[in-house]
Amino acid sequence: RPPPPSPQVTPSGVALVRLDGPKAMNTISFEFSAAAKRLWSTQIEPNPAVKAVVFISAKANNFIAGADIQDIKNVDDKQELLPIIEDGVDFFKAMKAKKIPLVAAVNGACMGGGLEWALWCDYRVCSDSAATKMSLPEVKLGLLPGFGGTQNLFELVGVQAAMDMMLTGKDIRPAKAKKMGLVDIVCSPHALEHNAIAAAEDLISGAVKMPPVPRKKKSWMNWAIEDTPPGQSKMWETINKMVMKNTNGVYPAPFAIIDCVKNGLKGGSMDDRLKFEREKFVELAATNESASLIGIFDGMTALKKHSFGKPERKTGTIAVLGAGLMGAGIAQVSAEKGYKVLLKDKNAAGIANGEKYIFGNWDKKLKRKTMTMHKHNQNTSNIVPLDDSSPSWKKQFGSADMVIEAVFEDINLKHAVIKEMEEHIPEHCVFATNTSAIPIADIAKGSKRPENVVGMHYFSPVPSMPLLEIIPHAGTSDAATAAACDVGTKQGKTCIAVKDVPGFYVNRCLGPFLVEVSALARDGASLELLDKSMLNFGMPVGPVTLADEVGIDVAGKVAGFLSDADMGVRMTGGDISLMEEMVAKGWLGRKAGQGFYTYDPKNPKKKTISAEVKQYAKDFIKEDKGLTEEDVQNRIVSRFVNEAVMCLQDEIIASPVDGDIGLIFGTGFAPFRGGPFRYLDTYGIDKYVAMMNKYAETEGPQFEPCQLMKDMAASGKKFHN
């Protein structure tokens, strides 16, 4: 290949290397790395006129967004990554060997390998753009920073700050980056190149001395924690506790990151430390956990594309009907993304409650400095509060491009709402319903423009739950479905298109799950065993806690609705009167202060199981079968997973990718297992079918594997190639 074009060199000897990969986002692919090495070896290293180098992106809003994950995926034998990573590290070492100032000029995303590149530089200048963020998010993919990040970061910002960044993968914004010593200068995006060149010139002339590492002198407290044996011992104890609390010990990457930093603190040679780091990286790259997490990342990327085409017109104004928890959450995420939101409720009190929820969430962001006052004010101005007494509401709705209703789950009420809205909204306006159970086709029967009616099923709480089910009925136009997908994606949701059937996808899978929980309680499993077993499987919360969080009444309604729907034997085997009687007692879950658990009003995190609830659960037992944790896991998860495969078989979802993402983002299905379909691939579909058949013999036909699962087991095929 011909060498890359020569970089621009200023009269003062500053070479401007503009990073411009072939994709919209710069990523460090094998091809990108080779081009960088050729440029350095042919244009920079042998050129005595180059006295300093500034690395700056030619892209509008990103520096380097990280390594190219596809390259890593495509290497079958992960041991082959060792020399590839070593080659990359040798490139960075060659940069340092020229002994000239290296400056990173960062605007936009500087993540993973991109931040590692910047860390090899002597000086970092970043823009104060809202798009600028720095992070080492490899842990979210089951990996660790492999280009020296675990070694260079803690030396620059201190062990505690470095561990926080690497173990959470959190984004660091410019002001925080400057405060912690991650960057040296923050400026406007327009002044970035000028300031980076000026910094390089000052480093050449000596007007600015090469800054020390670490940048900031440690406080007495941080010195005591990070640099003394007793402090270090307590620090690692605290970090390990945090990791166990957040991961339950099922993710290997955080522990490998800890090992790398601990190894670095021993003070060996940098070459040995970097060798240890890349060996740990390769170990992680070969794990099922990493493959699963990368599968989620790929799935999210794939789901940004859909088959419904582009919306016929741009959505600018969204009307949200109902200012309760769901409606207010939908209004919040819409206003944050720049939509004009007409938030309407029956009366002023309803609107006031909705605004209190929205503004309270924004106030928290303001306090945490994750939102500026300017953005807070901008978001607030995007919301137009309306109620039945507002004289202008009918005129305002005349400009709506989409209505999203979040009123009570009553078909007659929804028909009345559609009829009233269609008197005022324009003909092109899409009418989206946030129902969680009522078939969209039934709701569309109340519309004179049924082709504009579509389901948009959000999950609670809307601002933090990433999934959105898009449900077109048989008569929904592609234009309306495309508009729903477009709005949902802009709201920050991962959208999956789902067939219009009872429960859609996520709740349809939760139905057998909930029934089986009641069956296990009947068979002697304690509430504690139910929660502990599923936490150990990798779920974020156990089924008992989940029912309390969702609401016992809501969980009971979902189970009851699906029991009367089209799922037949798959909704049998349990006894949902367990929840019905709790509702009658007023034990509705956390929202009532009492569900399976009793909640302390003074300390929301504190929960206990009262003697009364223990007795209630004991009285519910019909036969104590002496169930083990493995029994609980197999019985609950198999009902869950079998229904997911049944949904694929019945074309309720389009692909295993949709199924995996849907249950991970909608229910918290153990992410490190990659979702129900990837879990089956890893477990062995034939082994799983055999296990379910065993339970079908002892517990009943509700455990019989669906036909598609049997077919996959017989063929030896996997859901994911």
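**Entry 1. Cysteines**

I started with Cys121: its sulfur lies 9.3 Å from the closest cysteine sulfur, that of Cys110, which is too far for a bond. The cut-off I used for a disulfide is a pair of cysteine sulfur atoms within 2.5 Å. By this rule I count zero disulfides. For Cys126 I find no disulfide either, the nearest cysteine sulfur being that of Cys187 at 7.4 Å.

I note that this is a predicted model, where local features need pLDDT of at least 70, side-chain atom pairs count only at pLDDT 80 or more, and totals for chains, interfaces and linings use all residues. Residues are numbered from 1 along each chain as its sequence is written, and side-chain values use heavy atoms, with hydrogens and water left out.

I then looked up accessibility, taking buried as under 20% relative accessible area, exposed as over 50% and partly exposed as in between (1.4 Å probe, protein chains only). Cys121 has 4% relative accessibility, so I list Cys121 as buried. Cys126 has 0% and is buried too.

**Entry 2. The six-stranded sheet**

I took helices (H or I, at least four residues) and strands (E, at least two) as DSSP runs, numbered from the N terminus. Two strands pair if DSSP finds at least two bridges between them. Six strands make an open sheet with mixed pairing, and I read the order as β1-β2-β3-β5-β7-β9. β1 (8–9) and β9 (185–187) are at the edges with a single partner strand each, so one side of each has no neighbour in the sheet.

I followed β9 to its partner: β7 (residues 123–127) pairs with β9 in the parallel sense over three bridges. Ser127 has Cys187 in β9 as its bridge partner. Helix α8 (residues 192–205) packs on this sheet and touches β2 (14–19), β3 (52–57), β5 (102–106), β7 and β9. Contact here means heavy atoms within 4.5 Å. The direction of α8 makes about 165 degrees with that of β7; axes are lines fitted to C-alpha atoms, for helices over the stretch in contact, and angles run from 0 to 180 degrees between N-to-C directions.

**Entry 3. Helix α5**

I checked α5 (residues 149–157) and found eight of its nine residues buried. Among them are Gly149, Asn152, Phe154 and Val157. The buried residues of α5 pack against α4 (113–120), β7, α6 (159–168), α7 (174–180), α11 (252–265) and α12 (270–285). Just after α5, I noted a positive phi of about 100 degrees at Gly158.

**Entry 4. The eight-stranded sheet**

I found another open sheet, of eight strands with mixed pairing, in the order β12-β11-β10-β13-β14-β15-β16-β17. The edge strands β12 (383–387) and β17 (494–497) each pair on one side only. On average, neighbouring strands of this sheet are turned by 25 degrees against each other, direction ignored.

I looked at β10 (residues 317–321) and found five of its five residues buried. Thr317, Ala319 and Leu321 cover one side, with Ile318 and Val320 on the other. β10 pairs with β11 (residues 340–345) in the parallel sense over five bridges, and Ile318 has Val341 as its bridge partner in β11. On β13 (residues 402–405), four bridges join a strand that runs parallel to β10, with Ala319 opposite Val403.

I recorded β10, helix α14 (residues 325–336) and β11 as a right-handed β-α-β unit. The crossover counts as right-handed if, with the strands pointing away from the viewer, the path from the first strand over the helix to the second runs clockwise. α14 lies across β10, β11, β12, β13 and β15 (453–458), at about 165 degrees to β11. Helix α15 (residues 348–367) touches β11 and β12, and its direction makes about 160 degrees with that of β12.

**Entry 5. Nonpolar cores**

I defined a nonpolar core as a set of buried Ala, Val, Leu, Ile, Met, Phe, Trp, Tyr and Cys residues joined through side-chain atoms within 4.5 Å. The largest has 105 residues, and those with the most contacts inside it include Phe397, Phe669, Tyr688 and Met709. Helix α27 (residues 629–649) gives the largest share of this core, 10 residues. A second, separate core has 73 residues, including Val50, Leu115, Val139 and Met180.

I also looked up Asn642, which is in helix α27. Asn642 is buried at 4% relative accessible area. Leaving out residues up to four places away in sequence, Asn642 touches Arg570, Met692, Glu704, Pro705, Cys706 and Met709.
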